[in-house]
Amino acid sequence: MEVSLTTARPLRRDARRNREALLAAAREAFLDGDTDAHVEDIARSAGVAVGTLYRHFETRDALIEEVYRKEVDDLCAAPDELLGQYAPAEALRRFLLLLVDHAAVGKGMSVALESIMAGESPVFEDARSRMGDALTRLLDAGIAAGTVRDDVSGPTLLRALGGVCALRVREGWLDEARTIAGLLLDGLRHGAPRTA
């Protein structure tokens, strides 16, 4: 159950709705490239007063950080859903593509996130740790199924994909990153006990 940043009590339904509307409006503004979006504009887009925004998020940076954290929450919930629908190798392939898409989201938010990166926020280290753990769950499922090799860890695979996604400043990087994600998966299948 969600709680406000200023109180430990659960949020009322209308407060929770306002908070979600603020996060959605901020996400849309940042992804659309409006990195200078003012809190007043975000509140207006969400259909709430500025005071409501500040009741949920003490600063603009706190709002940006929460938008990013929600993106990571959604991403890290995906492995269990994918493993429930697909064989482990296919679940891993789909998650690698979701990570590439996450990097695309990060590209849209990168300027807005710079103020957080300059600070002491643990949000990025926490995100890397959680994404590495998500990859480890998928790799473990693939190892158990005999479809991926057992000598690569989730954090190592995340670093490899992170290097690919660092190319996002170039035109056409997204298609290239998706292709390289496929190559990474091919490499993980090579040397597996049996072919997927």
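When neighbours within four places in sequence are set aside, P79 is in contact with F95, A134, R137 and L138. P79 lies in helix α4 and is buried, its relative accessible area being 0%. In this predicted model, the C-alpha atoms of P79 and D133 are separated by 10.0 Å, although the two residues are 54 apart along the chain.

One of the contact partners of P79, F95, is found in helix α5. F95 counts as buried because its relative accessibility is 0%, which falls under the 20% limit for burial. Leaving out neighbours within four places in sequence, the contacts of F95 comprise L75, A78, P79, L82, A134, L135 and L138. The C-alpha atoms of F95 and A134 are 9.0 Å apart in space, while 39 residues separate the two in sequence.

The protein as a whole contains 8 helices and 0 strands, and its elements follow the pattern α-α-α-α-α-α-α-α when read along the sequence. Of the 196 residues in the protein, 39% are buried. Among contacts between residues at least 6 apart in sequence, 68% join residues that are at least 24 apart.

Helix α4 (residues 60–85) also meets helix α1 (residues 13–31), the two axes coming within 10 Å and crossing at roughly 90 degrees. At this angle, α1 is roughly perpendicular to α4. The contact is formed by R19, E20, L22, L23, A26, R27 and F30 in α1, which meet R60, L63, I64, E66, V67, K70 and E71 in α4. Classified by residue type, the contact of α1 with α4 has 7 nonpolar and 7 charged residues, with no polar residues.

T52 is found in helix α3 and is buried, with a relative accessible area of 10%.

Helix α2 (residues 39–46) has V39, I42, A43 and A46 as its buried residues. These residues lie on the same side of α2, because they cover an arc of only 100 degrees around the axis. An α-helix has 3.6 residues a turn, so residues three or four places apart point the same way. On the other side of α2, R44 and S45 are exposed. The cover over the buried residues of α2 includes α1, α3 (50–56) and α4. Following α2 is G47, which has a positive phi near 75 degrees.

The pLDDT averages 84 over the protein, and 81% of the residues score at least 70. Among the elements, helix α6 (residues 123–145) has the highest mean pLDDT, 93, whereas helix α5 (residues 88–118), with a mean of 79, has the lowest. Over residues 1–7 the pLDDT is below 50, and this stretch has 17 contacts in the model beyond near neighbours in sequence.

Note on methods. Residues numbered from 1 in each chain as written. Predicted model: local features only at pLDDT ≥ 70, side-chain atom pairs only at ≥ 80, totals over all residues. Heavy atoms only, no water. Axes fitted to C-alpha atoms, helices over the stretch in contact; angles between N-to-C directions. Helix = DSSP H or I, 4+ residues; strand = E, 2+ residues; numbered from the N terminus. Parallel < 35°, antiparallel > 145°, perpendicular 65-115°, else oblique. Contact = heavy atoms within 4.5 Å. Nonpolar A, V, L, I, M, F, W, Y, C, P; charged D, E, K, R; others polar. pLDDT = per-residue confidence, 0-100. Buried < 20%, exposed > 50% of the residue type's maximum accessible area, 1.4 Å probe, protein only. Arc of directions from axis to C-beta.
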